[in-house]
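Dear colleague,

Please find below the structure that I am handing over to you. My notes on it follow directly after.

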Amino acid sequence: MKKRSHILMGIAALLPLLLFVFPLWKITLEAPQYPTPLGMYIHINDFSDANPHDIKNINLMNHYVGMKYIPEAIPEFKIFPAGIIITTILGLLIAWKGNYKWFLSWAVLMVLLSSAGLYDFYLWEHDYGHDLDPKAILKFTNPDGSIMGFQPPLFGSKDILNFKAHSYPRLGAYSLGLGIAVGFLAYYIGKKEKMNELKEMS
Amino acid sequence: MKKLTLIGAALLGIAALLTACKDSGASSNGALAYSAAEKVYVSPGEHDEFYAFISGGFSGQLSVYGLPSGRLFKVIPVFSQDAEKAWGYNEETKPMLNTSHGFIPWDDSHHPDISQTNGELDGRFVFINGNNTPRIAKVDLSVFETTEIIEIPNSAGNHSSAFVTENTEYVVAGTRFSVPVPQRDMPINEYKGNFKGSLSFISVDPEDGGMDLAFQVLMPGFDYDLAHPGRGASHGWMFFSTYNSEEASTLMEVNSSQNDKDFIAAVNWKKAEEYIAEGKFTAMPTNYAHNVYDEETHTATSTMKKEVRVLDASELPGLVYLLPTPKSPHGCDVDPTGEYIVGNGKLSADLTVHSFSKMIDAIENEKFDGDAYGIPILKFEDVLGGTVKQAGLGPLHTEFDAEGNGYTTFFISSEVVKWKVGTWEVIDRQPCYYSVGHGMIPGGNSRKPFGKYFVAMNKITKDRYLPTGPEVTQSAQLYDISGEKMQLLLDFPTVGEPHYAAGIDASLVKERSKKIFSLSENKHKYATTSDADVRIERNGKEVHIYMTMIRSHFNPDNIEGIKVGDKVYFHVTNLEQDYDVPHGVSMIGANTSELLIMPGQTETFVWEPKQVGVWPFYCTDFCSALHQEMQGYVRVSPANSDIPLSWSLGE
């Protein structure tokens, strides 16, 4: 009979797999002439339209200000899935063989990796919003004279010219977050179980 | 003195009363006007409750309005060329206007009718007749475009059309003018007994809506004016009004108005199906065009058909019965239950209403009053359901609400009259401005009318709007019929003569309305679905340009190597896949219209350059912030030049 903490750790390790089912993030662009807003889902291995042809239409909008087309594929689409699969296997091994201290290590590792992922996402967004074609049709400057960028927010809502951009995590990201939280919980419960064991022994 | 005071007091009293009357009159008028305005006001960004499809009569088109606002949304080109939409101008739609008489760029569009399932409007298609060169068109309400036109042989003045049966089994098309069938060279004054009328039944495929001329019923040489289908118990029958049972061929206004009664012809089309199945038809050689527009190839094809199956009503018992109906009936309208058939005797003051159950009884008991060319005439008294007496002058058409009331238009007395089906009593009457023709209640030709509004389509407008010279606007009027009394709410101008209309609850149509054409499903022969496929091919003097358009450029936009005397086909594909981003294109000196191309669609125009030079083309529909930059050049060299074909974008 496995202990509760180990079962929890197993669940923690499996939860991030939902990233392969549900999107990680969603960026939505609202404007008066888009009564149905344009939207893009970011999956762990893909970009997809919120409504048919949205990415094509976002690209068409963005080319006016010199932004690059949203790529079909980025290296992250290979790295992130591999990372999730590896950490899931690692988590399951730990759930099976490891002790509660390992649970903590796994959760901390996941926090670090997720933060790195978010930072990478931020860098991509920054590049996407700032590395503009010098022959852009429309050029805008900030009040201080610098070239205006069009980076969507990492988290939250922001006005970009005639658009209001929203950027929020979706079910995939919540699954990952929940997995990490359950990892910490497994550690906490595992620690209590260990102390109870020690008490009974003494 | 006392007397004087009394008189003075009385006068004051009367004056006060008069003032009070005047005041209350003014305020009630004011309140009335206010409520009428509120009833037709649709706030910005809000949608109307009903679609109204109002034919354009001699404009040859079908216009789409919203009710109750009366706002015009679209003019759907059907039988007439439309330069705005390139209908009949671009290579794709020219075949739609092909007939056995060749390309005909105009017709007279009269009676739209919406497809039905189980006697209720289903919002899939609108059918409409071309009167002059007999044709039936089908408008697909997923795209609001004409997708099929079938020519009707052995017909002339295709007027008692295009009415659908309860499950859209058939669209009927009856001839107004009888003619020699088959056509031949003969003296006009030998009309009587020699000319024939044809009533055509066009089957509609339940799956894809494809039309096929299933059979024709050959009738005596009367004029067949209007028609309506039976429903419920009378499903399986189609009723046609007739005039000119005198079979006159000259000075018709007098000579065809002599008989006290003409007929409503009741056609048992279920019986006709049996006769067809038994092979009791004649396969008559003929020639008519069947034109189909394919949504995936974005292209129409025209096929000539060579034969039609004809059933002779004089020879085949039980196929047709004639119901005597006073004074040249125009509208022939069936109430929602299917029991009553209203003959709107247009030269009469009364409305004659036949009873379907009495008709069946008269047929079963052979209560005949002679025959016409072998077709039994039923005894008038034995089929009469009732008469709406002295309702007005010149009844033309009756529509029905869901509460058991009929609403009849009276052309001569210029009014709409509400009456009770069954008791035949007149309930209310309201004037029309002026000379109303047909009327329309949404769903009025079905088992389940939506009611609420009545649209009067007027023949004369005169002073109702700001004048625009001798030719003034055409006009319709909207009445609220939700109460006991009708209330005039709105006058609204229409495109072309508002001849006849069909209305439907918007919710049955708008969800199915397409936003774009999918580029991945574009099977046009000359489609260019990616920039990689952009090219120009020369075949002798024929040049094909495979061009794309997307915000905000053409690809290619610089073309060289075209020569005077070439025939240049611009096959232009709109690569957009966003809602409401059409692009247009036009070329200086092209002897045709612009193209207006929807997202994902391909269209073609032909340009035959006659002058050496460098000639621009440009986008005609304001598409984007860079619309004005959406332009290109074609270099035209002399006919003997050896400049090779070349094309580019952004080089």
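Chain A and chain B bury about 820 Å² between them, and carbon and sulfur atoms give 55% of that area; buried area is the accessible area (1.4 Å probe) that two parts lose on being put together, summed over both. On the side of chain A, Lys56(A), Leu60(A) and Tyr64(A) lose the most area to chain B, together 49% of what that side buries.

This is a predicted model, in which local features need pLDDT of at least 70 and side-chain atom pairs count only at pLDDT 80 or more, while totals for chains, interfaces and linings use all residues. Residues are numbered from 1 along each chain as its sequence is written, chains are lettered from A and ligands numbered from 1 in the order in which they are written, and side-chain values use heavy atoms, with hydrogens and water left out.

The contact (heavy atoms within 4.5 Å) involves 9 residues of chain A and 11 residues of chain B. Between the two chains the count of salt bridges is 0, a salt bridge being a side-chain nitrogen of Lys or Arg within 4 Å of a carboxyl oxygen of Asp or Glu. Helix α2 (residues 54-62) of chain A supplies 4 residues, the largest share of the side of chain A that touches chain B; helices (H or I, at least four residues) and strands (E, at least two) are DSSP runs, numbered from the N terminus.

Chain B also holds an open sheet of 6 strands, ordered β42-β41-β44-β45-β39-β46, with mixed pairing; two strands pair if DSSP finds at least two bridges between them. Its edge strands are β42 (595-597) and β46 (646-648) of chain B.

With kind regards
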